[in-house]
Number of protein chains: 2
Amino acid sequence: MNYRESLRIVDPTLRDGGLVNDFRFTDDFVRALYRANLAAGVDYMEVGYRASKTMFNPADFGPWKFSDDEKILQVIGEPDPAIKLSIMADAGRCDYETDIRPKSESPVSLVRVATYLHQMSITLKMIDDAKAKGYEVSCNIMAISAVQDAELRDALAALAKSPVDTVYIVDSFGALYPDDTKRLMDAYRDTVGAAGKGIGMHAHNNQQLAFANTILAAEMGADWLDATYDGMGRGAGNCPMELLIGFLRNPKYSLRPVIEFAGEEMEALRAAGTVWGPSLAYLLTGQFNQHPRAAIAYTKQGRTDISAFLGEVSSQS
Amino acid sequence: MNYRESLRIVDPTLRDGGLVNDFRFTDDFVRALYRANLAAGVDYMEVGYRASKTMFNPADFGPWKFSDDEKILQVIGEPDPAIKLSIMADAGRCDYETDIRPKSESPVSLVRVATYLHQMSITLKMIDDAKAKGYEVSCNIMAISAVQDAELRDALAALAKSPVDTVYIVDSFGALYPDDTKRLMDAYRDTVGAAGKGIGMHAHNNQQLAFANTILAAEMGADWLDATYDGMGRGAGNCPMELLIGFLRNPKYSLRPVIEFAGEEMEALRAAGTVWGPSLAYLLTGQFNQHPRAAIAYTKQGRTDISAFLGEVSSQS
C-alpha cells in the first residue's frame with residue numbers, strides 16, 4: 001500500500017484550521033505552508049473556503065474564508081506543477097454560480113463540495129457546475145457518523161451516477177471507531193468505488209483515532225487522505241500530517257519539511273494562543289456522536305467543570 | 001465484544017505514570033485514584049513497581065517505585081473485593097525472592113513480570129516463584145516492536161509451557177501500527193493463547209495509536225487491557241482510560257468517575273508541571289522504533305530544535 005501510485009494527500013490546514021482562528025493566517029504563514037507542502041510532496045493544498053460574501057461579512061474573517069482567486073494569486077501565485085490547489089464550497093453557503101469561475105481563469109484545480117446529506121440536490125447541482133467549468137470535483141459528506149444507512153446508500157447511488165471524481169467520508173464529530181470506518185468503506189466501495197470514483201477520508205481527532213481511521217481507510221482503498229500540520233483543525237483537529245507521512249514511507253513524500261513546519265510554524269501559532277487538539281470536552285462530544293460546538297464553547301469559555309459538561313452532553317443523547 | 005465477561009481493565013497510572021514523576025504521588029492522590037477505579041469498575045489497579053532497594057536508593061524516589069506491602073496497607077488498606085491490586089516486578093531489577101512475600105501476607109493479587117526477551121530465563125524463574133507464592137502472574141514482554149519473530153516464537157513457546165496466567169504485548173516504543181498489532185496478536189493466539197493463557201495489551205501513544213491498538217487487540221481476543229487516566233505514562237503516555245471505558249459501553253464500567261478524575265486530579269498534576277503525552281519528539285522515536293529516552297531528554301531540556309532532533313533520531317536507525 002505504501003507505494004500505491006494512486007494515493008493523494010490533501011492538506012486542509014488553512015481551511016479546517018481556519019475554523020479555529022477565523023481564517024486569520026498571515027500571508028507569510030500561507031507562503032511558508034505552501035513551500036512546506038511543495039517540499040514534502042503533498043499533492044493538494046486546500047487554501048480555504050469559497051464562502052458567500054452576501055452570507056458572511058468579509059470584515060469578520062480572514063481572507064481564506066473566501067479564498068478569492070486574486071488573493072491566491074497575490075500570496076501564492078500560479079502553483080508549481082508539482083502541487084495542486086483546492087477550495088471547499090459548502091452547500092448552501094456559497095454563491096458557486098458566480099464565485100467559481102471557469103478553471104481556465106483560476107489557479108484552483110479541485111473544488112471540494114461539502115454537504116450534509118439533506119443537501120444532496122443542491123450538491124449535485126454544484127458538482128455539475130464545477131465539472132462543467134473544468135475542475136476536478138469531490139463531494140465531502142459531513143457528519144457521516146450521524147446518518148442513516150439507507151439515506152447514505154441513496155446518496156452514494158446518486159453520486160455514483162454523477163460526474164463527481166471523488167467522494168469523501170467526513171467524520172465531522174470524531175465519532176467513528178475503526179469498525180465504523182470499515183463499514184463505511186465497504187458501503188463506499190460497493191457504490192461510488194464500483195462506479196470508478198475515488199474514495200477520500202477526512203478524520204477528526206476527538207477520540208485520538210484520526211490517524212488510525214485514516215490509515216485504515218487507506219488500507220481499504222481510500223486514495224484521498226486529508227492531513228494537516230500538527231493536526232490543526234476544528235476542535236480536536238484532524239489527522240496529523242507528520243504521522244501520516246511518517247507512516248507512508250513513500251519516496252514521493254518527505255518527512256523533514258513536515259516536521260520542521262509543525263515544530264516551527266505550528267508551534268508558533270500555539271504559542272500565540274491558538275488552541276486545537278484532543279481534550280476531555282472534545283472526547284465527550286465524539287463519544288456521544290455530537291457536533292463539537294458544545295465542546296468548542298466549553299473550551300473558549302475556559303470552563304473546567306468537566307463533570308457538569310458530561311451531564312450536558314449525555315443529556316442531549 | 002463490548003459485553004465480554006472475560007475482559008479486564010488494568011490501571012497502571014501509578015506505575016507507568018510514576019516513570020514521569022519518579023513515583024512522587026501524594027497519599028491523597030493515591031487514595032483518590034483508588035476510589036475512582038473502584039467507582040469506575042476498573043478490575044485491577046497497579047500500585048507501582050516492586051524495585052530492589054539495593055539497586056535503587058529509596059531516597060531518590062517516591063514510595064511507588066517499591067510499593068511495599070506496608071505502604072499499600074497504610075494508604076489503601078486491604079482492597080475492596082471489587083478490585084484487585086497489582087505490582088510490577090522488572091526482571092533483573094528486583095529482589096523477588098525476598099521482596100515478594102506469599103500472597104496470604106500481601107494485599108497484592110497480581111504480580112506482573114516485565115521483561116526484555118533476553119531476560120527470559122530469569123523471567124521464567126520469577127514466574128515460578130510468584131505462582132508458588134500464590135499470586136496471579138502475567139509476563140509483560142517489553143519493547144515488542146524491536147524483537148525478531150523467531151526469538152519471540154521461542155519465548156512464547158516457553159511461556160505457553162510455564163504456569164504464567166497472562167502474557168502481554170508491551171509496545172514500549174509506541175512504534176506499533178495496527179498491522180503490527182494484528183501480526184503480534186496472531187502470534188500470541190497461536191502460542192500462549194492456544195495454551196489457555198490470557199493475552200494483554202499495553203500500548204504507548206507516541207503515534208496517537210495507543211487507543212486504536214488497544215481496541216484492535218481486544219477485538220482480536222486480548223482480554224487484559226491497560227489504560228491510564230489522561231493516558232499518564234512514560235513519554236507519550238498510554239491508552240487513556242476515558243477513551244477505553246467510553247468505547248466499551250459495558251455496564252460493568254462507569255465513565256463518570258473516570259472523566260471526573262481525569263478532569264480534576266490529572267489536570268492538577270499537569271497544572272503543577274508534570275509533563276506527558278504525544279509530541280513531535282515522541283512521534284519521532286516512535287516512528288523510528290526507538291526507546292523514548294532521547295525524546296524524554298529533549299523534552300526535559302526544553303529543546304525546540306526539532307529539525308536537529310530528527311537528524312539525531314534518524315541517524316540512529
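Modeller: Contact means heavy atoms within 4.5 Å. Leaving aside neighbours within four places in sequence, B:D16 is in contact with B:H202, B:H204, B:G233, B:R234 and B:N238. This is a predicted model: local features need pLDDT of at least 70, side-chain atom pairs count only at pLDDT 80 or more, and totals for chains, interfaces and linings use all residues. Residues are numbered from 1 along each chain as its sequence is written, chains are lettered from A and ligands numbered from 1 in the order in which they are written, and side-chain values use heavy atoms, with hydrogens and water left out.

Biologist: Where is the place of B:D16? And is B:D16 buried or exposed?

Modeller: Helices are DSSP runs (H or I, at least four residues), numbered from the N terminus. B:D16 lies in helix α1 (residues 13-21) of chain B. Buried means under 20% relative accessible area, exposed over 50%, partly exposed in between (1.4 Å probe, protein chains only). B:D16 has 2%, so B:D16 is buried.

Biologist: Which side chain does a polar contact join to that of B:D16?

Modeller: A polar contact is a pair of N or O atoms within 3.5 Å; within protein, one must be able to donate a hydrogen and the other to accept it, and residues adjacent in sequence count only if both atoms are side-chain atoms. For B:D16 the partner is the side chain of B:H202, at 2.8 Å.

Biologist: How much area do chain B and chain A bury between them?

Modeller: Buried area is the accessible area (1.4 Å probe) that two parts lose on being put together, summed over both. Chain B and chain A bury about 2,900 Å², 62% of it on carbon and sulfur atoms. On the chain B side, B:Q208, B:I259 and B:Q287 lose the most area to chain A, together 19% of what that side buries.

Biologist: How many salt bridges are there between chain B and chain A?

Modeller: A salt bridge is a side-chain nitrogen of Lys or Arg within 4 Å of a carboxyl oxygen of Asp or Glu. The count is 2. One of them joins B:K182 and A:E219, with the closest N and O atoms 3.6 Å apart.

Terms used:
Helix = DSSP H or I, 4+ residues; strand = E, 2+ residues; numbered from the N terminus.
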